[in-house]
Amino acid sequence: MSQLHPITVSSWTLGDQCTFEDRVKPAAAAGYVGIGLRAETYVDALNEGLTDQDILAILDRYHVRCTEVEYIVQWCEEPRSYEQKYKEQTCFHMCHLFGVEHINTGLMESYSVEFTAEKLKALAHRASLAGQLIIALEPMPYSGMPDLKKTWAILQAAGAPNVMMLLDMWHWVRADQPFDLLTKEQAKRVISIQLDDAYKRPYAKSILRDESMHDRLAPGTGFEDRTERFIKMIKAAGVDPKVIGVEVISDQYMAKGIDWVAKYTYDHTVKTLQTAWPEILQDPVAAH
């Protein structure tokens with residue numbers, strides 16, 4: 001599988017009730033090139049008594065990389081809490097530790113485009129000072145960046161070159177966005193994607209986040225062929241994803257065990273990519 005476009009099991013897919021090695025081992029066995037870590041799951045590993053070197057050694061033992069770091073939030077708050085300041089610094093440290101260039105970033109609170117852009121510019125500046133790191137904004141329909149339109153407006157208004165976007169198929173569908181919306185200009189600012197799938201009918205808007213955190217489906221297993229259409233849009237627009245995340249948050253899946261979840265989500269991701277974008281699964285062969 002591709003090392004340039006690593007298929008990565010996102011942190012939430014394997015839950016938050018396992019040890020670090022018990023996260024890495026099934027991911028590797030399933031075929032994943034990378035794992036994602038949230039600041040919380042990294043701290044959980046430290047709380048087991050592991051050092052940074054222990055964590056790197058476990059990854060090396062199973063031939064897996066950490067390729068996705070998340071999740072900065074509440075960056076518009078005044079004043080920002082010490083918890084969020086420390087979480088931000090933890091994400092910066094994780095990027096340096098694992099060689100990851102971008103941090104998945106969300107915003108639950110809703111503010112004007114202008115105010116959000118000013119706060120984003122400040123966040124981007126801190127990320128730049130921390131080692132030229134990239135802030136990857138994730139639109140989510142129940143958040144302050146509910147769709148591509150507002151997220152793009154905020155990104156443009158901020159004018160920071162180290163701000164890009166992360167596009168998740170589940171969020172795309174639940175925001176009722178068409179599969180021809182992404183432009184080639186916007187595609188240049190997409191640094192990574194996340195794949196998953198959704199049932200035909202969404203939860204009510206007031207509890208949509210509950211569906212997001214408990215009831216997603218593996219890529220290609222939902223209604224019609226929406227994951228394939230999402231991937232084809234990404235491909236046609238010219239996105240070059242640094243990470244292909246698989247974020248399938250499902251209580252039903254987790255009840256079958258972490259090994260089952262890793263294998264099931266990986267197999268369906270590869271199957272869907274083989275149909276919609278087979279080239280992305282292989283690294284280019286260098287010319288001699």
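What percentage of the contacts in the protein between residues at least 6 apart in sequence join residues at least 24 apart? The legends below take this up along with a few other views.

**Figure 1. Contacts across the chain in a predicted model.** What you see here is a predicted model. Of the contacts between residues at least 6 apart in sequence, 82% join residues at least 24 apart. The protein holds 12 helices and eight strands.

**Figure 2. Overall dimensions of the protein.** The C-alpha trace spans about 50 × 45 × 45 Å along its principal axes. The radius of gyration is 18 Å, which agrees with the value near 19 Å that a compact globule of 288 residues would have.

Figure 3. Buried residues make up 54% of the 288 in the protein.

Figure 4. Have a look at helix α8, which covers residues 184–187 and includes alanine 187. Alanine 187 has a relative accessible area of 3%, so it counts as buried, the cut-off being under 20%. Leaving aside residues up to four places away in sequence, alanine 187 touches Leu182, Ala237, Gly238 and Val239.

**Figure 5. Alanine 187 and leucine 129 in one view.** These two residues are 58 residues apart along the chain. Between the C-alpha atoms of alanine 187 and leucine 129 the separation is 26 Å.

Note on methods:
Residues numbered from 1 in each chain as written. Predicted model: local features only at pLDDT ≥ 70, side-chain atom pairs only at ≥ 80, totals over all residues. Heavy atoms only, no water. Helix = DSSP H or I, 4+ residues; strand = E, 2+ residues; numbered from the N terminus. Rg over C-alpha atoms; globule rule 2.2 N^0.38 Å. Buried < 20%, exposed > 50% of the residue type's maximum accessible area, 1.4 Å probe, protein only. Contact = heavy atoms within 4.5 Å.
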